[in-house]
Amino acid sequence: MSQFWSQRTHDLTPYVPGEQPKDMEYIKLNTNENPYPPSDKVLAAIQAASDEGLRRYSDPIGNDLKQAIADYYNVDTSMVFFGNGSDEVLGHTFAALLKQDAPLLFPDICYSFYPVYCKLFGIESIQIPLNENFEIDIKDYEIENGGIIFPNPNAPTSIALPLDDIETLVQKNPNSVIVVDEAYVDFGAETAVPLTKKYPNVLVTQTFSKSRSLAGLRVGFAIGAPELIEGLERVKNSFHPYTLGKPALAGATASMLDVETFEKNRDALIETRDWSTQALAELGFDVTPSSTNFVLALPPEGHSAEEIYLALKSKGVLVRYFKTPRIDKHLRISIGTDEEMQGLLNALKSIIT
Ligand SMILES: *Cc1c(COP(=O)(O)O)cnc(C)c1O
């Protein structure tokens with residue numbers, strides 16, 4: 001606290017990311033990072049971009065990256081926006097599109113950054129409870145709103161909403177923007193990108209942090225109708241036009257073009273997720289059906305999530321525990337390599353038996 005802070009700074013409730021402790025080597029399953037490294041092609045592109053001259057500003061338009069994303073999703077480059085991680089893309093989205101007279105709607109259990117942006121930008125919001133199975137029921141969203149945002153698949157529940165439901169939501173709300181945060185879509189849900197070509201009010205955001213192994217490079221993007229993208233560009237160019245440095249632009253472009261590595265790592269992760277879900281169930285955990293690179297697991301009777309989280313940490317395994325209503329009985333466990341998941345399971349066995 002300081003007398004020099006503005007009132008707005010006083011009133012903020014900043015986002016708290018998952019811990020990145022440095023005190024020892026952990027099996028790190030707490031921030032949904034990809035366990036596989038980016039490909040050599042990506043690393044070579046980053047090196048080449050750095051060699052070529054960091055003394056010059058990066059390209060503020062970033063057409064190569066836009067083209068690579070546009071080609072992958074078969075849309076026009078005028079429908080593509082990128083930023084410094086999808087967190088920044090989302091920030092610009094809140095400022096550009098979601099601050100309206102009517103309240104913004106989002107699920108009560110979802111990405112905990114949304115309420116943070118609402119505070120920062122002074123956006124009124126209503127949190128709509130997920131149903132008892134932790135699913136989004138689109139009937140609960142039939143109220144006046146100035147926008148709707150949700151992750152799909154949802155985080156931290158890992159559950160996906162079918163594309164038909166998203167389309168219904170879009171049709172029922174022709175006067176508000178529906179933002180689908182697809183940070184995890186590559187791990188098992190259907191993308192809403194095709195809807196962006198059919199409707200003027202859908203914005204899809206994605207990230208290179210999870211399925212493309214580039215959390216440390218900080219690149220995210222959005223796809224939507226050209227008018228929505230133009231709105232995002234207006235805000236971006238009123239804030240920071242050189243969003244991405246040359247290494248990030250080049251690395252993300254190379255990653256988008258390297259479909260083979262992307263698919264190989266994604267498939268390996270899904271296979272690991274499926275056998276480890278089974279193994280967790282055998283230990284007595286109740287695991288939600290995951291379409292992501294993490295699972296939400298309810299510990300067996302007689303064990304609290306917090307106790308297991310702490311015991312795992314002391315054994316060198318980090319998972320995420322949210323001390324917040326409705327999900328404080330669960331653990332969110334990111335999917336690592338086969339060896340890392342085996343390490344988790346061994347540690348869990350010694351804790352719960
Ligand atoms: C990880 C995550 C993001 C942010 O990703 P970055 O691109 O790393 O900023 C956005 N939304 C959800 C739901 C996430 O889990």
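Colleague: Where is the place of Arg-218?

Modeller: Arg-218 sits in the loop between strand 7 and strand 8. Strands (E, at least two residues) and helices (H or I, at least four) are DSSP runs, numbered from the N terminus. Before we go on: this is a predicted model, where local features need pLDDT of at least 70, side-chain atom pairs count only at pLDDT 80 or more, and totals for chains, interfaces and linings use all residues. Residues are numbered from 1 along each chain as its sequence is written, and side-chain values use heavy atoms, with hydrogens and water left out.

Colleague: Is Arg-218 buried, exposed or partly exposed?

Modeller: Here's the scale: buried means under 20% relative accessible area, exposed means over 50%, and partly exposed is in between (1.4 Å probe, protein chains only). Arg-218 comes out at 29%, so it counts as partly exposed. Its phi is also positive, near 65°, though the residue is something other than glycine.

Colleague: Which residue just after helix 3 takes a positive phi?

Modeller: That's Asn-74, with a phi of about 55°. Asn-74 lies in the loop between helix 3 (63–73) and strand 2 (80–83). With a relative accessible area of 58%, Asn-74 is exposed.

Colleague: And which residues are buried in helix 3?

Modeller: Leu-65, Lys-66, Ala-68, Ile-69, Ala-70 and Tyr-73. These buried residues pack against strand 2, strand 7 and strand 8, and also against helix 7 (193–198), helix 8 (226–236) and helix 9 (246–257). Contact, by the way, means heavy atoms within 4.5 Å.

Colleague: What does the UniProt annotation say about Lys-210?

Modeller: A word on such records: UniProt positions are given in the numbering used here, feature names are shortened, and annotations may be inferred rather than shown by experiment. In this case an unreviewed UniProt entry carries "modified residue: N6-(pyridoxal phosphate)lysine" on Lys-210. You'll find Lys-210 in the loop between strand 7 (202–207) and strand 8 (220–224).

Colleague: Why does Lys-210 count as buried?

Modeller: Because its relative accessible area is 16%. Setting aside residues up to four places away in sequence, Lys-210 touches Thr-31, Asn-32, Asn-34, Ala-183, Tyr-184, Phe-187 and Asn-293.

Colleague: Which residue's backbone nitrogen lies 2.8 Å from a polar atom of the Thr-207 side chain?

Modeller: The general idea is a polar contact: a pair of N or O atoms within 3.5 Å. Within protein, one atom must be able to donate a hydrogen and the other to accept it, and residues adjacent in sequence count only if both atoms are side-chain atoms. Here the backbone nitrogen belongs to Ser-209. Thr-207 itself is found in strand 7, and at 3% relative accessibility it counts as buried. Leaving aside neighbours within four places in sequence, Thr-207 is in contact with Ser-86, Ala-183, Val-219 and Gly-220.

Colleague: How about the peptide bond from Asn-152 to Pro-153: cis or trans?

Modeller: Look at omega: for this bond it is near -5°, and the bond is cis. Pro-153 is found in the loop between strand 5 (147–151) and helix 6 (163–172). Pro-156 lies in the loop between strand 5 and helix 6 too, and the peptide bond from Ala-155 to Pro-156 is cis, with omega near 5°.

Colleague: What does Thr-157 touch?

Modeller: Leaving out residues up to four places away in sequence, Thr-157 touches Ile-109, Leu-130, Phe-134, Thr-288, Phe-294 and Leu-296. Thr-157 is found in the loop between strand 5 and helix 6, and at 0% relative accessibility it counts as buried.
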